[in-house]
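Please look over the sequence and the structure shown below before reading on.

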Amino acid sequence: MKGGENLSKKVKKLKENDFLSISARIRVLENRLLTAERMERMIDAKDAGDAAKVLGECGYPELGEVTNSALDAMLAQAQAALFADMGKAVGNEALMDVFRVKYDYHNAKTLVKAEALKLDQDRLLLGGGRYAPAALAEDYRREDLRAYTETFREAVNHAREVLGSSGDPQQADFILDRAYFQELSHLAGQSGSKFLEGYVAMLIDAANLRAAVRAARLAKAGEFLRAVLVPGGSVSPEAIARAKGDELGKVFKNTGLASAAEAGAAVAVPNGRALTEFERMCDDAVMAYLAKARMIPFGEQPVIAYLYAREAEATAIRIILTGRMAGIDGSTIRQRLRRSYC
């Protein structure tokens, strides 16, 4: 569906009783998630083929030959099935769109940069968003995005103009990222879920914290950082922009990212240590927020947490299997993995 219509018309008011059936089913589905124990078995397996066999316990089909293209196809198919299943069961389009919208913005970035480079990059477009990739690509080339949300349409057109005139893909990314988070905040509000709003605020805080650490490492602050930071989190962009790199721990001390911010402050210097641990802590903080849903028997919270857990699962599968195919040692793969939902 294209997103030009008023979202308030297609969102039901949330009631806990609406989620009784799906919450119970999700508790069963959680048993099939890629647990820490299953990850370890994949890492310790004899080879990539044996590692992939563990995924059968999670409901994935047998891969046969383990290749990047086969892995991509399997995960894309699983994602499409997940969104179709959950979307039908949940009946709250804004809630589902919070998890779909990032694919639209990935595709927008791909199309804008491909046009600037005069390349055909349609193979890099991803399904799973609100807009079918092929239709979006066709409409983009016809310069007709009237049927898409106003925020998306204006951001794509602006990014296209800026990249065409400046040749700076980073500026185009900033424009599209800001619009992405703006849509996330709007959709979360339209969903009627305070828990989902908290999740989106956490995503924005994490994105802003990462931006502040990277800006400090590049010795860039002031207007550069203000152009990158986005509103909608629990910490204002201005408070982050005013802080020096080593002060980030104080700025985020009352948030779920407090520990990650302390770690970020320690590496927020030019030529600082690698960001691997800091990045992991940011992702783990988001997972910790969502893990609270496991204590809620029914409602939209288990649905939201499960959708994120499946995203995180796909990321972990990619890290492990691509690592195994490349011959990367187990300890390095473990360092790249994030906290599992269960």
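Is Asn107 buried or exposed? Asn107 is buried, with a relative accessible area of 0%, where buried means under 20% relative accessible area, exposed means over 50%, and partly exposed lies in between, with a 1.4 Å probe and protein chains only. This is a predicted model, in which local features need pLDDT of at least 70 and side-chain atom pairs count only at pLDDT 80 or more, while totals for chains, interfaces and linings use all residues. Residues are numbered from 1 along each chain as its sequence is written, and side-chain values use heavy atoms, with hydrogens and water left out.

- Asn107 is found in helix α5, and helices here are DSSP runs of H or I with at least four residues, just as strands are runs of E with at least two, numbered from the N terminus.
- If residues up to four places away in sequence are not counted, Asn107 touches Leu124, Leu125, Leu126, Pro133 and Leu136, contact being defined as heavy atoms within 4.5 Å.
- Gln79 has its place in helix α4, which covers residues 68-90, and Gln79 is buried with a relative accessible area of 17%.
- Apart from neighbours within four places in sequence, Gln79 is in contact with Tyr103, Gly127 and Gly128.
- Ser191 belongs to helix α8, residues 169-191, and is buried with a relative accessible area of 0%.
- The C-alpha atoms of Ser191 and Tyr140 are separated by 28 Å, and these two residues are 51 residues apart along the chain.

**Aromatic rings**

- Rings of Phe, Tyr and Trp (for Trp, its six-membered ring) pair if their centres lie within 6.5 Å, and planes under 30 degrees apart count as stacked, over 60 as edge-to-face and the rest as tilted.
- By this rule the model has 11 aromatic pairs.
- In the pair formed by Tyr131 and Tyr148, the ring centres are 4.5 Å apart and the planes stand at 75°, so this pair is edge-to-face.
- Because Tyr131 lies in the loop between α5 (93-117) and α6 (133-141), and Tyr148 in the loop between α6 and α7 (150-166), the pair ties together parts that are 17 residues apart in sequence.
- Arg160 lies over the face of Tyr140, at 3.7 Å from the ring centre.

**Nonpolar cores and cysteines**

- A nonpolar core is a set of buried Ala, Val, Leu, Ile, Met, Phe, Trp, Tyr and Cys residues joined through side-chain atoms within 4.5 Å.
- The largest nonpolar core has 88 residues, of which Tyr199 and Leu209 touch the most other members, and its largest share, 14 residues, comes from helix α9 (residues 194-217).
- Setting aside neighbours within four places in sequence, Leu209 is in contact with Leu248, Phe252, Leu257, Ala260, Ala261, Phe278 and Cys282.
- Cys58 counts as buried at 10% relative accessibility, and Cys282 is buried with a relative accessible area of 0%.
- With a disulfide taken as a pair of cysteine sulfur atoms within 2.5 Å, the count of disulfides comes to zero.

**How two helices are covered**

- In helix α13 (residues 258-267), the residues Ala260, Ala261, Ala263, Gly264, Ala265 and Val267 are buried, and the buried residues of α13 pack against α9, α12 (248-251) and α14 (276-291).
- In helix α2 (residues 36-44), the buried residues are Arg38, Met39, Met42 and Ile43.
- Seen down the axis of α2, these buried residues fall within an arc of 140°, so they line one face of the helix, the arc being that of the directions from the helix axis to the C-beta atoms.
- The buried residues of α2 are covered by parts that include α3 (48-53), α15 (300-325) and α16 (330-336).

**Positive phi in loops**

- Most residues other than glycine have a negative phi.
- Glu143, which is not a glycine, has a positive phi of about 55°; Glu143 is found in the loop between α6 and α7 and is exposed, with a relative accessible area of 63%.
- Asn271 has a positive phi near 60°, lies in the loop between α13 and α14, and is exposed with a relative accessible area of 79%.

Methods: Lys NZ or Arg CZ within 6 Å of the ring centre and 35° of its normal.
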